[in-house]
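Let's walk through this structure together, starting with its rings and moving on to its helices and loops. Keep the viewer open as you read.

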Amino acid sequence: RSRSPPPSSTMAASTMASTFAGKSLARAAPVRAQRPAAARAAARANAYTEELKATAATITAAGHGIMAMDESNGTCGQRLDAIGVENTEDNRRRYRELLVTTKGLGEYISGAILFEETLFQSCEDGTSFVDALNANGIVPGIKVDTGLKPLTGCEGESWCSGLDTLADRCASYYKQGARFAKWRTAVNVAAGPSDIAIQEAAHGLARYGAICQENGLVPIIEPEVLLDGEHDIDTTYAVALKTWSAVFKAMADYGVDNEAILLKPSMVTPGADAAKKEDPETVAKYTLKMLNNVVPPAVPGIMFLSGGQSEMEATLNLNAMNQEPNPWHVSFSYARALQNTVLKTWVGQDENKAAAQAKLIGRAMANSKAQLGTYDPSGEDESAAEGMYVKNYTY
């Protein structure tokens with residue numbers, strides 16, 4: 001039968017363990033075992049839980065998608081320069097007022113991603129952009145990352161910044177009226193991608209997702225697999241599968257609630273400079289195969305980015321993916337693929353505002369039909385087929 005050590009032995013061992021270099025040290029507190037992910041997620045449950053799910057449900061209504069209008073001031077300036085309009089705060093405001101005040105847009109668009117400047121701006125009549133969107137039946141969202149930085153030791157690859165101030169900013173954005181968020185990181189197929197870059201992307205997205213949910217914002221998870229390169233569709237598929245697998249593993253580790261997120265993946269296509277292009281049916285086949293392998297059915301919605309595809313190409317590919325039922329709402333979160341023709345119609349002139357808004361309604365309606373699987377391209381004009389790929393594109 002085992003016996004307990006005598007008190008003197010216990011005291012001696014304790015004294016030896018708590019003394020270093022002749023100095024008595026305080027005994028360390030016992031180490032608590034780390035809680036599993038499910039327990040951490042339950043501990044994070046708060047007053048926002050049901051609101052987050054309701055927001056996600058609103059954005060994923062049938063026939064609806066997201067309008068991305070969150071370009072940085074520099075990138076928005078490039079768009080304005082292309083139509084001969086000076087990049088000033090007021091001109092950015094004027095263009096974005098055109099978008100948020102388009103009557104009837106809420107019939108096809110359920111959410112709008114804003115840049116920080118835009119979230120706090122107002123229309124000419126004093127109505128805040130947030131109120132204008134809500135009046136149109138559109139949920140305001142906010143871009144929360146602060147941009148891509150070079151990843152040390154990984155040439156051509158990047159990491160996404162902004163986590164250090166994210167919690168405070170999310171609280172401020174929620175107070176201003178935002179109800180969902182976007183964080184874009186990028187995976188460069190042409191540069192590898194390295195395991196380090198993929199793990200960095202997954203880690204950042206998971207931390208961002210958890211912070212957003214704690215502050216009332218539905219996080220859009222976006223590891224964009226870039227179009228840059230000459231690789232074929234099978235290479236894109238392999239990289240996308242590996243990337244999304246890492247992202248979902250990291251989100252599970254951080255206790256992110258899958259029922260209160262949205263995904264913004266790239267479609268699985270060949271590289272922009274690939275010798276062989278693929279038709280919409282092939283793109284749909286590869287993309288849905290990848291998603292079915294890694295995305296839980298609990299996720300409410302898949303909101304594809306256009307990634308430099310032409311307006312028509314992005315719509316055709318989305319339509320092809322909605323020819324059969326999917327476990328999730330499969331829709332769009334387009335910027336250029338909704339607004340390219342709009343900008344070229346507006347060209348900074350107030351007298352063109354109504355015509356530009358009509359173009360926006362037309363593109364939104366086309367993508368709404370694609371979400372329902374009923375899009376017919378026969379009525380499209382030539383401008384919708386113009387390519388918009390930009391090498392090394394940044395927001």
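Before counting any aromatic pairs, we need a rule: rings of Phe, Tyr and Trp (its six-membered ring) pair if their centres lie within 6.5 Å. Keep in mind too that what you're looking at is a predicted model. With that rule, a search of the whole structure turns up 6 aromatic pairs.

Two of these pairs are worth a visit. A pair of aromatic rings is described by the distance of the centres and the angle of the planes. Start with Y95 and W346, whose rings sit 5.4 Å apart, centre to centre, with 35 degrees between the planes. Planes under 30 degrees apart would count as stacked and over 60 as edge-to-face, so this pair is classed as tilted. Y95 belongs to helix α5 and W346 to helix α13, so the pair ties together parts that are 251 residues apart in sequence. Buried or exposed, these two? Both Y95 and W346 are buried.

Helix α13 (residues 336-346) packs with helix α14 (residues 353-372) at an angle of about 165 degrees, the axes being 8 Å apart. An angle over 145 degrees counts as roughly antiparallel, so that is how α13 runs relative to α14. The crossing of α13 past α14 is right-handed. Which residues of α13 make the contact? They are A337, L338, T341, V342, T345 and W346, and on the α14 side you'll find K353, A355, A356, K359, L360, R363, A364 and N367. So W346 turns up in this contact as well as in the aromatic pair with Y95. Sorted by class, the contact of α13 with α14 has 8 nonpolar, 3 polar and 3 charged residues.

Most residues other than glycine have a negative phi, and most peptide bonds are trans. V347 has a positive phi, near 45 degrees, and isn't a glycine. With a relative accessible area of 29%, V347 is partly exposed.

G192 and P193 are joined by a cis peptide bond, with omega at about -15 degrees. You'll find P193 in the loop between β8 (180-187) and α9 (195-214).

Helix α4 (residues 73-82) and helix α5 (residues 89-100) pack at about 75 degrees, with their axes 11 Å apart. That makes α4 roughly perpendicular to α5. N73, C76 and L80 of α4 meet N91, R92 and R96 of α5. By class, this contact has 2 nonpolar, 2 polar and 2 charged residues.

Finally, zoom out. The protein comes to 14 helices and 12 strands, and 54% of its 395 residues count as buried. Of the contacts with a separation of 6 or more, 80% come from residues 24 or more positions apart.

Note on methods: Residues are numbered from 1 along each chain as its sequence is written. This is a predicted model: local features need pLDDT of at least 70, side-chain atom pairs count only at pLDDT 80 or more; totals for chains, interfaces and linings use all residues. Side-chain values use heavy atoms; hydrogens and water are left out. Axes are lines fitted to C-alpha atoms, for helices over the stretch in contact, and angles run from 0 to 180 degrees between N-to-C directions. Helices (H or I, at least four residues) and strands (E, at least two) are DSSP runs, numbered from the N terminus. Angles under 35 degrees count as roughly parallel, over 145 as roughly antiparallel, 65 to 115 as roughly perpendicular and the rest as oblique. A crossing is left-handed if the near helix is turned anticlockwise from the far one by less than a right angle, and right-handed if clockwise. Contact means heavy atoms within 4.5 Å. Ala, Val, Leu, Ile, Met, Phe, Trp, Tyr, Cys and Pro count as nonpolar, Asp, Glu, Lys and Arg as charged, and the others, Gly among them, as polar. Buried means under 20% relative accessible area, exposed over 50%, partly exposed in between (1.4 Å probe, protein chains only).
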